[in-house]
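Here are my notes on the model you sent. They are set out as numbered points, to be read beside the coordinates.

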Amino acid sequence: MKEKSALIVGASGLVGSELLQILLNEGAYRKITAIVRKPLGIQHPKLEEKTVDFNHLDHYSEYFIADDVFCCLGTTIKKAGTKEEMTKVDVGYPLAAAKLSFENGASKFLVISSMGADPDALVAYSRMKGMLEQELSKVGFQSLHIFRPSLLLGNRKEFRAGESAAGFLFPLLSFLLVGPLKKYKAIQAATVALAMYRAAQSGKKGKTIYLSDEIQDIAQ
Ligand SMILES: NC(=O)c1ccc[n+]([C@@H]2O[C@H](COP(=O)([O-])OP(=O)(O)OC[C@H]3O[C@@H](n4cnc5c(N)ncnc54)[C@H](OP(=O)(O)O)[C@@H]3O)[C@@H](O)[C@H]2O)c1
C-alpha cells in the first residue's frame with residue numbers, strides 16, 4: 001500500500017496530542033504535518049511543523065497538502081472570551097482547514113464534533129458543532145468522518161471545573177448508562193484519538209458519523 005501523508009490541526013490539545021503520537025508512531029503515514037499557532041516542542045523525523053496565524057489560514061495554502069486531514073481544534077467560551085471568537089475556533093478554522101486541504105487534493109477529513117451536534121439545537125454549543133458538520137458536508141471530501149464524543153476524559157494541563165466535576169460523576173453513574181444510553185458515557189481522549197486513526201484506515205467513503213459508544217467500539 002502507498003504510504004500516505006497526514007495533516008493535523010489541534011495537535012496540542014487533549015485529543016490532538018494523543019492523536020499526533022499515534023500518527024507518528026504507527027505505520028500508515030510517512031509524513032505528518034502539524035499546523036500550529038505555537039511550537040509543539042516535539043522532534044520526530046516524520047513530523048513537519050508549520051506555525052501559522054489561524055486568522056489568515058488562506059495565506060498558508062501551500063502547507064495544507066496531505067492525503068488524510070485530522071481536525072482536533074476547539075475551545076471553550078471561557079478561553080475564547082466571546083461567542084464570536086469561540087465560533088471562529090470551533091467552526092471557522094476547521095472549515096478553512098478543510099477547504100484549503102480539499103483544494104490541494106485531500107480526499108479524507110476527520111473531525112471531532114460533539115455529542116448532540118445539531119444546527120437546530122437549542123444549546124449554542126451543539127448548534128455550533130451542528131453548523132460545522134453541515135458546512136463540512138458541503139466541501140466535497142470523498143470521505144468525511146465526524147466524531148461525536150461525550151465528555152472527554154484525560155490529563156488536561158489546565159483546570160476546567162465543569163469537566164472535572166462531570167469527569168468525577170460520570171464514572172460513578174456509568175453502570176446506569178447501558179443500551180441506548182451507552183452513547184452518554186464519558187470517553188478517554190486517547191480512545192477518541194485511536195478511533196480517528198483507525199477510521200482513517202478503514203477505506204470508508206461518504207459521510208460517517210460516530211457516536212461516543214461507536215467511537216469506543218472502533219478503538220477496542
Ligand atoms: N471537552 C469535552 O468534554 C468535549 C466533549 C465533546 C467534544 N469536544 C470537542 O472535542 C474537540 C477536542 O477537544 P479537546 O479537549 O481535545 O480540545 P483542547 O484540549 O481544548 O485543544 C484544542 C486545540 O485547539 C487549538 N486552539 C484553541 N484555540 C485556538 C486558537 N484561537 N487558534 C488556534 N488554535 C486554537 C489548541 O491549540 P493551543 O494549544 O495553541 O491552544 C488545541 O490544539 C473540540 O472540538 C471540543 O469541542 C470536547
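Predicted model: local features only at pLDDT ≥ 70, side-chain atom pairs only at ≥ 80, totals over all residues.

1. The partner of Lys88. Lys88 forms a salt bridge with Glu85, and the closest N and O atoms of the two are 3.1 Å apart. Both residues belong to helix H3 (residues 83–103), where they sit three residues apart, about one turn of the helix. Glu85 is also partly exposed, at 34% relative accessibility.

2. Salt bridges overall. Side chains of opposite charge can pair when their charged atoms come close. A search of the whole structure gives eight salt bridges.

3. Asp68 and Lys4. Asp68 forms a salt bridge with Lys4, with 3.2 Å between the closest N and O atoms. This pair links distant parts of the chain: Asp68 is in strand S4 (residues 68–71) and Lys4 is in strand S1, 64 residues apart. Both Asp68 and Lys4 are buried. For Asp68 the relative accessible area is 2%, so this residue falls under the 20% limit for buried.

4. Asp68 and Lys108. Asp68 has a further salt-bridge partner in Lys108, at 3.8 Å from N to O. Lys108 lies in strand S5 (residues 108–112) and Asp68 in strand S4, so this pair ties together parts of the chain that are 40 residues apart in sequence. Lys108 is buried, with a relative accessible area of 10%. Which residues do the shared partners bring into one network? They are Lys4, Asp68 and Lys108.

5. Strand S2 and its neighbours. Strand S2 (residues 29–36) is mostly covered, with six of its eight residues buried. S2 runs parallel to strand S1 (residues 4–9), and six bridges join the two. Within this pairing, Leu7 has Thr33 of S2 as its bridge partner. Between S1 and S2 the chain passes through helix H1 (residues 14–25), and this β-α-β crossover is right-handed. S2 is also joined to strand S3 (residues 47–51) by five bridges, again in parallel. Here Ile32 has Leu47 of S3 as its bridge partner.

6. Where is Arg37 placed? Arg37 is in the loop between S2 and S3. At 65% relative accessibility, Arg37 counts as exposed, because the cut-off for that class is over 50%. Leaving aside neighbours within four places in sequence, Arg37 is in contact with Thr51, Val52 and Phe54. Arg37 and Val9 are 28 residues apart in sequence, and their C-alpha atoms are 9.6 Å apart in space.

7. Aromatic pairs. The count of aromatic pairs comes to seven. One of them joins Tyr29 and Tyr197, edge-to-face, at 6.3 Å centre to centre and with 75° between the planes. This pair also links distant parts of the chain, since Tyr29 is in strand S2 and Tyr197 is in helix H6, 168 residues apart. Both count as buried: Tyr29 at 1% relative accessibility and Tyr197 at 10%. Ring pairs link Tyr29, Phe70 and Tyr197 into a cluster.

8. Tyr60 and Tyr63. Why is the pair of Tyr60 and Tyr63 stacked? The ring centres of Tyr60 and Tyr63 are 5.8 Å apart and the planes stand at 25°, so the pair is stacked; the cut-off for stacking is under 30 degrees. Tyr60 is buried, with a relative accessible area of 18%, whereas Tyr63 is partly exposed, at 24% relative accessibility.

9. Thr191, in the helix of Tyr197. Thr191 is in helix H6 (residues 189–200), the helix that holds Tyr197. With a relative accessible area of 14%, Thr191 is buried. Apart from neighbours within four places in sequence, Thr191 is in contact with Ile215, Gln216 and Ala219.

Definitions and conventions. Residues numbered from 1 in each chain as written. Heavy atoms only, no water. Buried < 20%, exposed > 50% of the residue type's maximum accessible area, 1.4 Å probe, protein only. Helix = DSSP H or I, 4+ residues; strand = E, 2+ residues; numbered from the N terminus. Pairing = 2+ DSSP bridges. Right-handed = clockwise from strand over helix to strand, strands pointing away. Salt bridge = Lys/Arg side-chain N within 4 Å of Asp/Glu carboxyl O. Contact = heavy atoms within 4.5 Å. Phe/Tyr/Trp six-rings, centres within 6.5 Å; stacked < 30°, edge-to-face > 60°.
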